[in-house]
Structure formats: structure tokens, C-alpha cells
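Please view the sequence and the structure below before reading on.

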Amino acid sequence: MTEGSSILRGALLALLAFGVYATHDVIIKALGGSYSPVQIVFFSVLFGFPLVTIILARDTSEANLVPKYPVWALLRTLAVVVTGLTAFYAFTVLPLAQTYAILFAAPLLITIFAIPMLGEKVGIRRGLAVLVGLVGVMVVLRPGSEPLTLGHAAALLSAFTGAFAAVVMRKVGREERTVVLILYPMLGNFAIMGAALPFVYEPMPLIDMVGLAVIAVLSLIGMHFLILAYRAAPAVIVAPMQYSQILWATAYGVILFDENVDLNTAIGAGIIIASGVYIVLREARLGVSLTTPVLRTRSRLGTPVAPRVSTMMRDAPDPAE
């Protein structure tokens with residue numbers, strides 16, 4: 001396969017992966033009108049256990065389940081739990097496109113968190129790009145002109161905790177076992193959501209239970225396509241493809257939920273996407289280190305079922321390196 005065709009294949013696989021994730025989020029939104037996000041997260045994680053067990057069975061390393069970095073493992077687990085719960089809630093109560101626009105702030109926040117946590121040095125240009133992107137978030141939220149809701153706060157919190165979890169992943173991911181990085185957040189979700197479930201549980205018909213199982217399956221399918229994308233093309237090609245989700249969100253919102261993208265959301269999303277793409281291109285041109293916060297963070301925020309892509313690819317050849 002030529003380099004050009006490999007890059008094209010990687011880009012198309014990434015687009016497919018994020019299209020699958022967008023479909024995953026549509027089901028969450030549809031179910032969220034009838035059930036608490038706690039219930040949705042709990043059952044989606046429950047249905048994800050058999051699928052993830054198959055993946056973990058491929059981990060042949062001889063070791064126990066005790067993390068090498070227990071504090072970081074605990075912090076990341078808590079961050080992943082909060083990220084999933086708040087993202088699921090935001091998808092339920094906010095328009096899809098607006099939710100994505102806010103969550104797109106995560107790569108900008110990753111750049112900020114990487115300074116104290118990874119010792120990353122951010123120059124003036126990347127720093128300005130982060131500030132511009134955060135201005136885009138404010139355009140989407142437009143504080144003062146319209147009341148901010150709990151959904152907006154949830155989306156922002158999801159972006160913050162997701163970014164934190166991603167940077168922790170970069171900090172310990174090359175030394176911590178895959179099974180620890182995958183299983184602990186799932187167990188955390190299962191235990192915490194399970195404890196809260198009796199207070200919010202609503203009986204579910206079979207069709208809705210099937211929908212929750214589909215959420216788990218789509219999460220794993222999206223992860224698989226994303227892994228293949230990163231194996232086929234450099235991260236500088238694959239990473240910006242996440243922003244294609246705004247197109248899926250707009251289409252799904254109009255067709256299924258009678259949503260329209262307002263001007264502020266469109267302008268703000270454009271600013272956030274432009275700043276995020278600039279940071280990715282800037283890091284690629286500079287050839288920054290393995291602690292690169294954006295290019296090397298192969299994950300998808302707000303999905304508590306799927307393993308981190310960076311974890312699964314830790315020993316795989318990477319065209320971007």
C-alpha cells in the first residue's frame with residue numbers, strides 16, 4: 001500500500017470511527033429522555049464487560065491487578081467516571097451540536113493540564129491558540145445573554161475531567177498494564193453507578209435494554225476503527241477527524257430531534273475547531289516529545305465502556321512516531 005493510499009485509508013477509518021461514536025451518542029440522547037444518566041452508564045458498562053473481557057484475554061503479561069501508580073490510577077478512574085456521567089447527561093439535555101462544541105474544548109484543556117502534569121512547554125503561538133479556543137467556548141455558552149443550565153455545566157465538567165484523565169494516561173500509560181487502565185475505570189463506573197442506581201432506577205422494556213447493549217457494542221466498534229486509523233495514518237491526519245462529529249450531530253439533531261444549530265454555536269464551534277486543528281498541526285511541525293498532549297492522546301471522551309485507544313496501541317507501530 002502506498003503512503004498516499006494508507007493516509008487516505010486512515011482518514012476514512014477515522015471518519016467512520018467518529019461516525020460510529022456519534023451514533024452511540026444519539027442512542028444515549030434518545031434513552032436519556034426516559035432514564036437517568038446513572039442508569040444508562042451502569043447498564044452500558046455492564047453490557048461492555050463481556051466484550052472487554054475478550055480484549056483483556058489477549059493480555060498475556062504475567063502480573064497482578066495492583067497498579068504501579070495507585071494514586072494516579074484512582075484519580076484517573078474517578079475522572080473517567082465523572083466524564084462519562086456528565087457527558088451522558090449533557091447529551092440528554094442539550095442539543096447534540098452544542099454538546100460537541102463544548103466537549104471539543106478538551107484538547108485545549110489537555111494542552112493546559114500537560115504543563116504542570118507532564119512538564120510540557122507551550123509556546124506563545126500554541127498558548128494563543130488555546131486562548132482563542134476558550135473564547136470559542138464562551139461564544140457557544142454566551143454567558144449573560146441566555147441562562148446557563150446544568151447541562152452546560154455538565155458538558156464543561158466532562159471536558160475538564162476528560163482532559164485530566166487523558167493527561168494521566170499519557171503520564172503513566174507506557175508503564176501501567178493495559179488491564180489496569182481498562183478495568184479500573186469500568187469497575188469504578190460499575191460500583192459508583194450501581195450504588196446510586198436504586199435511587200433513580202426505572203423499569204426498562206426489552207427494546208431499551210437492547211439499546212444499552214448497542215451503546216456498548218458501538219463504543220468498542222468505534223475504538224477498533226480508531227486503532228486501525230492510527231495504524232494506517234499519522235496522528236496529524238487522524239486527530240482532526242474528531243471534529244467531523246459536529247456534522248453528524250447537526251444531521252442527527254435535525255432529522256431525529258428537530259434541533260437547529262444557532263449562529264452562536266456554529267461560530268463558537270468553528271473557533272474551537274480551528275484552534276484545535278492549529279495546535280495539532282503545530283505540534284506535528286515541531287515534532288514535540290512523547291509527552292505531546294494532543295497528538296498522542298488517542299481517546300474518545302465521554303465513553304466509559306471503550307478502552308483507551310492509546311492503551312491498546314501502546315506496543316503497536318505508530319506511523320506518527
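The model is predicted. Its chain has a mean pLDDT of 84, with 86% of residues at 70 or more. Helix α2 (residues 37-56) packs with helix α9 (residues 206-232) and also with α3. A salt bridge joins K29 and E259.

**Confidence**

- Helix α3 (residues 70-93) has the highest confidence in the chain, at a mean of 94, while helix α13 (residues 309-312) has the lowest, at 44.
- Over residues 289-293 pLDDT stays under 50, and the model has 18 contacts beyond four places in sequence for this stretch.
- Residues 308-321 also stay under 50 in pLDDT, and for them the model has 54 contacts beyond four places in sequence.

**Packing of α2 with α9**

- The axes of α2 and α9 lie 8 Å apart and meet at an angle of about 50°.
- That angle makes α2 oblique to α9, and the crossing of the two helices is right-handed.
- On the α2 side, the contact is made by I40, F43, S44, F47, G48, L51 and I55.
- On the α9 side, M209, L212, A213, I215, A216, V217, L220 and M223 take part.
- By class, the contact of α2 with α9 has 13 nonpolar residues, two polar residues and no charged ones.

**Packing of α2 with α3**

- Between α2 and α3 the angle is about 125°, and their axes are 9 Å apart.
- This makes α2 oblique to α3, and the crossing of α2 and α3 is right-handed.
- From α2, the residues P37, V38, I40, V41 and S44 meet G84, L85, F88 and Y89 of α3.
- The contact of α2 with α3 has seven nonpolar, two polar and no charged residues.

**Salt bridges**

- The count of salt bridges comes to two.
- In one of them, the side chains of K29 and E259 meet at 3.3 Å, N to O.
- K29 lies in helix α1 (residues 3-32) and E259 in the loop between α11 (245-257) and α12 (263-286), so the pair ties together parts that are 230 residues apart in sequence.

Definitions and conventions: Residues numbered from 1 in each chain as written. Predicted model: local features only at pLDDT ≥ 70, side-chain atom pairs only at ≥ 80, totals over all residues. Heavy atoms only, no water. Axes fitted to C-alpha atoms, helices over the stretch in contact; angles between N-to-C directions. Helix = DSSP H or I, 4+ residues; strand = E, 2+ residues; numbered from the N terminus. Parallel < 35°, antiparallel > 145°, perpendicular 65-115°, else oblique. Left-handed = near helix turned anticlockwise from the far one by under 90°. Contact = heavy atoms within 4.5 Å. Nonpolar A, V, L, I, M, F, W, Y, C, P; charged D, E, K, R; others polar. pLDDT = per-residue confidence, 0-100. Salt bridge = Lys/Arg side-chain N within 4 Å of Asp/Glu carboxyl O.
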